[in-house]
Amino acid sequence: MYEVRVEREFSSGHYLRNYRGKCENPHGHNYKVQVTLRGETLDVSGLLLDFKILKEVMRPVLDRLDHQMLNDLEPFTEINPSAENLAKYFYDETKSQLHELTKGRVTVKDCTIYETDTTTATYYE
């Protein structure tokens, strides 16, 4: 089994509904998102997936979230824009694009959101 991982950054604001504490107030983070892919076979170039392609796959999601108030964007108008929900959102968005692109040869292993350098949430199936 092979794995590749790419880390990107974005900045967004959010607040947590149904929460008691400072995070119920609007505030922002300089997030890092880490996407790990896995697969059993390499392509004809000897790559699981070119890092450049994975960055391109992640770009529309990053562009949609960067410098936005997450609570104003779907699906976060209904669900809290917690690190956990952001990790699942990146997982789902990346998984659907990769399945089309690689015909199922490459899958998403997990997605990790860093709210800070020391606090993370990971989603995987």
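The largest nonpolar core in this predicted model has 30 residues, and those with the most contacts inside it are Val33, Val35, Leu37, Leu65, Phe90 and Ile113. A nonpolar core here is a set of buried Ala, Val, Leu, Ile, Met, Phe, Trp, Tyr and Cys residues joined through side-chain atoms within 4.5 Å; buried means under 20% relative accessible area, with a 1.4 Å probe and protein chains only. In soluble globular proteins, nonpolar side chains tend to be buried together.

**Who builds the core**
- Leu37 touches Tyr2, Glu3, Val4, Leu48, Leu49, Leu54, Leu98, Val106, Thr107, Val108 and Lys109, leaving out residues up to four places away in sequence. A contact means heavy atoms within 4.5 Å.

**The sheet**
- Four strands make an open sheet, ordered β1-β2-β3-β4, with antiparallel pairing; two strands pair if DSSP finds at least two bridges between them.
- The edges are β1 and β4 (119–123), each pairing on one side only.
- On average, neighbouring strands of this sheet are turned by 20 degrees against each other, direction ignored. Axes are lines fitted to C-alpha atoms, for helices over the stretch in contact, and angles run from 0 to 180 degrees between N-to-C directions.
- β3 and β4 run antiparallel and are joined by five bridges. Thr116 has Thr119 in β4 as its bridge partner.

**Helices on the sheet**
- Along the sequence, the chain reads β-β-α-α-β-β, which gives two helices and four strands. Helices (H or I, at least four residues) and strands (E, at least two) are DSSP runs, numbered from the N terminus.
- α1 lies across β1 and β2, at about 15 degrees to β1.
- α2 packs on the sheet and touches β1, β2, β3 and β4, its direction making about 150 degrees with that of β3.

**The whole chain**
- Why does 15 Å agree with a compact globule? For 125 residues, such a globule would have a radius of gyration near 14 Å, so the chain's 15 Å agrees. That radius is taken over C-alpha atoms, and the globule rule is 2.2 Å times the number of residues to the power 0.38.
- Buried residues make up 38% of the 125 residues.

**Reading notes**
- Residues are numbered from 1 along each chain as its sequence is written, and side-chain values use heavy atoms, leaving out hydrogens and water.
- In this predicted model, local features need pLDDT of at least 70 and side-chain atom pairs count only at pLDDT 80 or more, while totals for chains, interfaces and linings use all residues.

Technical notes:
Buried < 20%, exposed > 50% of the residue type's maximum accessible area, 1.4 Å probe, protein only.
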